[in-house]
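Biologist: Please take a close look at one part of this model, the salt bridges, and go through them in a connected way.

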Amino acid sequence: MHLPDAVHTRRLRARVLAVTLTAAAPAAAQIGATTQAAPQTEPTSSTPPRLTQFVQADYPPEALAAGREGSVLLELTIDPTGHVTQVTVQQALSADFDAAATAAARNFVFEPARREGVAVASILRYRYRFSAAAARAARRPQVHALLRATVRGRGDQPVGGAAVTLTLPDATTRQATTDAAGTFRFELEAVGEMRLSVRAEGFDPMSATETVADREDLALTYRLSPVRAPVAATTQTPGEPAGEADDEATVRARRPAREVTRQSLEFREILRMPGTGGDALRAVQNFPGVARAINGLLIVRGSTPQDTQIFADGTSIPIVYHFGGLSSVVSTELLDRIDFYPGNYSARYGRAQGGIVDVGLRSPRRQGFRLVANINLIDASLFAEGAITRNLSFAVSFRRSYIDAVLGSVLRGVSSVSFTSLPVYWDYQAVLEYRPTPRDRFRLAFLGSDDSLALILNQPPEVAPRFSGSFSTGIGFHAGQLLWDHTFSPTLSSRAMFSINRNAINVGGGDVFGLDLTFWNITGRYELTAQVNRHVRANVGMDLTGGPAQINFNGVRQPTEGQMPNLQNLARVSTQDADTLYRPGVYTELEVTPTPRLRLIPSLRLDYTRDANRSWSVQPRFAFRWEFARDWFLKGGVGVFNQPPQPAQSSGAVNSFNPATTVGNPFLATQRSIQYGLGAEHNFSRYLSLSVEGFYKDLDDQIIAQPSVQGASYLNSGIGRIYGGEILFRHRPSARFFGWLAYTISRSERRDSPQSAYRIFQFDQTHILTLIGSYRLGRGWEIGLRFRFVTGNPTTPVIGAVYNGDTGTYTQIPGAPYSARNAPFHQLDLRIDKTWTFRRGNLDLYLEVLNVYNNANPEGVQYNYNYTQSTTVTGIPFFPNLGFRYEY
């Protein structure tokens with residue numbers, strides 16, 4: 001065919017193109033495009049047309065039902081604007097296919113052919129292919145979520161051939177069978193609360209209720225209990241890996257998260273991690289970004305312990321560890337999850353500029369009864385759970401230490417001991433859960449903890465001859481919580497929570513110092529989650545916290561970090577005051593997934609603080625996570641985080657020692673932190689993963705005390721910066737091994753005013769290295785090691801002293817704040833477990849040895865009366881802890 005020269009029409013030669021459409025297309029087809037050979041005289045500067053807008057053809061219904069497929073060869077005439085002006089069938093398939101292909105091709109749009117840069121008309125031959133299999137796949141309902149799980153039995157071995165039944169929200173069921181690895185998976189078109197049951201020969205049947213959100217990949221592990229046959233107690237066969245107690249514990253790994261960085265632990269890692277005593281919350285101390293705990297305080301990315309918030313399902317609790325960090329305040333047996341966020345966390349969390357620890361209490365088992373006893377040389381605990389009715393279940397836990405009973409009777413009789421510490425702690429939890437419908441879950445929970453520490457001073461120290469007698473300190477809380485989860489539809493759900501806490505702190509130091517603080521924390525939270533469309537999920541929520549507080553205080557104004565205490569010139573403070581806190585907050589957050597590999601999370605939080613100059617804090621935040629290649633992820637975030645002052649800092653109560661001054665500063669503003677984070681992750685396999693992340697925190701409006709000034713007690717004059725990097729190389733639990741390497745390098749600096757120079761912060765720990773490994777030897781034996789190396793804590797040297805004739809004491813002359821350091825900390829911990837499996841339960845006997853090679857780790861410096869001599873105060877020496885855990 002010869003076209004007019006006026007339009008410079010030509011035939012261009014193109015290679016065949018193949019396009020496979022996605023499942024989102026209305027039908028499926030494969031298309032090919034060919035042209036006849038162009039004239040030999042065609043200039044080499046010519047370019048063929050390029051398809052820019054493809055239109056899917058409607059697959060003929062009768063042909064699809066019959067499974068007919070094939071291709072239609074078309075000739076397309078394309079004008080210089082790229083539009084198709086004529087379609088001619090060159091090789092027919094059938095009338096219905098020909099008509100469908102022709103109708104679709106008329107709406108194609110091309111980048112036009114060009115001759116020496118000028119758009120010209122052209123003629124192309126396209127082969128339009130119809131695939132019945134692709135068309136059926138495209139018409140299937142879209143997968144909204146994925147539920148996958150591993151079923152394990154005795155000795156943590158996979159259970160193959162188990163029958164799995166999943167009941168969907170519309171009461172329809174899906175069936176699956178576990179493979180040889182004990183795994184199964186469901187691709188779900190519907191989301192919401194679902195009932196899952198598992199049956200396998202030789203095991204008791206089990207069932208669980210799971211809530212699956214839209215576009216969620218929910219990974220689970222179920223453990224079946226063997227059928228209780230009348231056989232004698234047995235140990236595991238030689239070579240068989242030891243397992244934790246056979247139960248129906250479910251380990252959940254929900255993703256993707258709403259935060260840049262969230263660390264979580266699996267159940268076996270918690271139970272067998274060396275140096276933690278099987279305590280889940282103590283295991284958090286081994287994550288990157290967490291400094292070595294000092295007196296049980298949680299220090300995250302160079303911030304003060306007060307900057308990190310601890311929650312139990314949305315209820316704030318004042319402490320996470322008992323005295324000295326020996327144990328946490330919530331039983332591991334009752335935990336469903338521990339989410340640790342070192343920074344750049346979701347807008348649902350506010351009033352904190354450090355990290356977040358969110359502890360989730362799990363649902364009690366809804367079949368049978370379970371009892372766990374754990375007794376060691378430090379404390380003893382008892383846990384029980386079970387079903388009352390089909391829809392009503394319970395769980396209770398209690399723990400108490402007895403170090404006071406063991407050491408108290410011994411040390412009180414030793415005259416050479418001048419300073420004796422006798423810590424006593426106990427805690428409890430109780431949960432009652434009711435599920436009246438598949439859409440509703442109600443839970444009533446009670447939590448409490450109490451720590452008391454008695455300091456018995458038989459003779460006054462040289463540096464403070466006025467100090468003598470008995471001193472005490474205590475901290476405790478009691479909380480009641482009501483939680484309601486409701487699913488309106490597969491795309492709309494909510495969570496409501498109301499709680500009341502009574503918190504008490506008291507410190508007694510003779511006539512020199514006294515603090516008695518009691519405050520009620522009344523909290524209400526509500527969050528509504530809506531799946532707007534397949535790409536957008538919205539989370540909107542509010543929380544309110546506050547309540548009455550009463551304080552009785554007699555002492556001196558406590559210096560801020562970096563300020564050396566000096567009893568001779570510190571301002572005396574005495575007050576009795578009552579106040580009511582009121583701190584509401586609202587937030588909105590979007591989870592946008594423009595592609596399956598990219599997740600964008602913009603959010604905004606507003607907090608109002610009545611006791612901080614009656615001000616609002618506006619906190620925009622943004623996070624993202626991008627899978628730029630298979631199993632390679634890039635993550636990052638930036639956000640503003642505000643933290644209100646402590647009640648004593650913003651108190652307007654009159655100081656009885658000086659009625660012209662107040663205890664605190666009622667005009668304080670909230671402290672602010674702008675946090676930046678960027679990192680990458682890679683999954684080498686189902687077990688091995690690597691995470692690398694850098695962070696920077698810019699602090700301003702930090703509260704600084706004026707300890708020796710009789711005027712303003714606190715000012716927002718502090719500035720700080722924290723920066724560093726974290727590495728986590730992790731081997732998740734396999735049949736025999738788990739472990740990780742965590743390393744943090746960071747620097748935390750402060751200055752008390754814009755005019756002063758930066759200095760090292762009190763909680764700066766430059767290098768933090770943790771190595772953990774645990775290996776199952778077989779026959780119920782498991783051995784694990786933990787090694788830690790940490791840069792020594794900063795200290796302020798004493799460069800001299802001045803004699804005070806009025807008091808007969810020496811007053812120290814401090815050097816530059818935190819200009820010196822203790823020697824580095826390093827310690828090796830060992831754990832050995834032996835497990836027996838009986839007809840009615842499991843027994844785990846464990847030996848945990850802290851500081852295996854008895855390193856004298858320095859924790860501080862103690863001076864004599866005139867500061868001319870000093871000795872190093874060391875930490876925990878070689879300490880073996882023997883215990884057992886029995887589960888029925």
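Modeller: What follows describes selected salt bridges and the places of their residues in the chain.

The model is predicted. Over the whole structure, the search gives 42 salt bridges. One of these joins the side chains of Arg 443 and Asp 313, with an N to O distance of 2.3 Å. The two residues come from distant parts of the chain, 130 residues apart. Arg 443 belongs to strand E26 (residues 440-457), while Asp 313 sits in the loop between strand E18 (309-312) and strand E19 (315-316). Arg 443 has a relative accessibility of 1% and therefore counts as buried. For Asp 313 the relative accessible area is 7%, so Asp 313 is buried too, the cut-off being under 20%.

Another salt bridge is formed by Glu 433 and Arg 435, whose closest N and O atoms are 3.3 Å apart. Both Glu 433 and Arg 435 are buried. These two pairs are part of a network of salt bridges that links Asp 313, Glu 433, Arg 435, Arg 441, Arg 443, Asp 485 and Arg 495.

A further salt bridge connects Glu 385 with Arg 370, and here the closest N and O atoms lie 2.9 Å apart. Glu 385 is in strand E23 (residues 379-387) and Arg 370 is in strand E22 (residues 369-376), with 15 residues separating the two positions. Glu 385 is buried, as is Arg 370.

Terms used
Residues numbered from 1 in each chain as written. Predicted model: local features only at pLDDT ≥ 70, side-chain atom pairs only at ≥ 80, totals over all residues. Heavy atoms only, no water. Salt bridge = Lys/Arg side-chain N within 4 Å of Asp/Glu carboxyl O. Helix = DSSP H or I, 4+ residues; strand = E, 2+ residues; numbered from the N terminus. Buried < 20%, exposed > 50% of the residue type's maximum accessible area, 1.4 Å probe, protein only.
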